[in-house]
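Okay, thanks for coming, everyone.

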Amino acid sequence: MKAIRSKICLANPRQALWLKETALAEKYGVSRTPIRHILQLLANAQLLETQTGIGTQTTVLLLDELPKHFEIYGAICDVAISVAKEERPPRETILGLMSVHNTLLIDEDRSPEAFIDVYGRIIDAMSQMITDPILCFAHQAAFWRLLRWRVQEVAAGVEGSWGLAASNLVSAIEVATKGTERDLLEISGRMGRSHIDRLINYYKVN
């Protein structure tokens with residue numbers, strides 16, 4: 001699923017990319033059944049949509065809705081904060097974030113694919129704090145929608161994209177080691193909202 005999700009994130013979010021079960025099955029050396037299952041999971045997360053009799057395509061995102069997408073992610077974080085524990089984040093979360101930080105220190109790969117992998121590991125680490133499955137799914141789905149917007153900056157070589165990611169990660173680790181689950185979710189939502197104006201300006205000229 002990671003490979004197909006990465007393919008979706010690499011595509012222009014404002015244009016439909018069609019995905020064919022047969023072609024994907026041949027590419028990854030599997031039958032169509034697991035591919036169909038993966039596509040359904042990604043559709044549930046609103047990354048894909050299926051049109052009966054036509055096929056499956058990436059969900060087209062509208063620039064006018066970009067601020068709303070970031071606000072929705074922040075709102076989901078707010079809900080997660082309201083039910084989070086006033087205690088240190090799980091060990092898995094802290095170690096996961098530290099592992100990503102170590103990767104950035106030793107791995108010089110700054111490709112869009114690497115960006116997607118890094119943030120995929122970050123959201124996996126953060127999800128360890130959200131025990132309610134419905135809320136956890138919503139948090140991840142909203143996060144991946146935001147990443148579709150952000151990856152375009154990296155693909156275009158916009159200066160500072162990776163530096164901002166590294167800076168945010170350092171801040172998250174500091175909060176994770178010194179604060180509570182609520183503190184970490186709060187900073188995550190705040191960081192999400194901080195990208196709105198920059199991305200709007202980027203897409204207006206691209």
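Let's start at arginine 32, which is partly exposed with a relative accessible area of 42%. On that scale, buried means under 20% relative accessible area, exposed means over 50%, and partly exposed is in between, using a 1.4 Å probe and protein chains only.

Before I go on, a word on what you're looking at: this is a predicted model, where local features need pLDDT of at least 70, side-chain atom pairs count only at pLDDT 80 or more, and totals for chains, interfaces and linings use all residues. Residues are numbered from 1 along each chain as its sequence is written, and side-chain values use heavy atoms, with hydrogens and water left out.

So, back to arginine 32. Which side chain does arginine 32 meet in a salt bridge? That's glutamate 21, at 3.2 Å from N to O. By salt bridge I mean a side-chain nitrogen of Lys or Arg within 4 Å of a carboxyl oxygen of Asp or Glu. Glutamate 21 sits in helix α2, residues 21-28, and arginine 32 in helix α3, residues 32-44, so this pair ties together parts that are 11 residues apart in sequence. When I say helix or strand, those are DSSP runs numbered from the N terminus: H or I with at least four residues for helices, E with at least two for strands.

Glutamate 21 also forms a salt bridge with arginine 36, at 3.1 Å from N to O. Here, too, the link is between distant parts of the chain, with glutamate 21 in helix α2 and arginine 36 in helix α3, 15 residues apart. Arginine 36 counts as partly exposed, at 40% relative accessibility. Put together, Glu21, Arg32 and Arg36 are linked in a network of salt bridges.

In general, side chains of opposite charge can pair when their charged atoms come close. How many salt bridges does the count come to? Seven, by this rule. Another one of them joins arginine 190 and glutamate 186, at 3.9 Å from N to O. These two are four residues apart in helix α9, residues 181-193, so about one helical turn separates them. Arginine 190 is partly exposed at 47%, and glutamate 186 is partly exposed at 42%.

Now let's zoom out. The protein chain has 10 helices and three strands, and from the N terminus on, the order is α-β-α-α-β-β-α-α-α-α-α-α-α. The C-alpha atoms fill a box of roughly 50 × 40 × 35 Å along the principal axes. As for burial, 48% of the 206 residues are buried. Contact here means heavy atoms within 4.5 Å. Among contacts between residues at least 6 apart in sequence, 77% join residues at least 24 apart.

One last stop is glycine 55, in strand β3, residues 55-58. Is glycine 55 buried or partly exposed? Glycine 55 is partly exposed, with a relative accessible area of 22%. Leaving out residues up to four places away in sequence, glycine 55 touches Trp18, Glu49 and Thr50.
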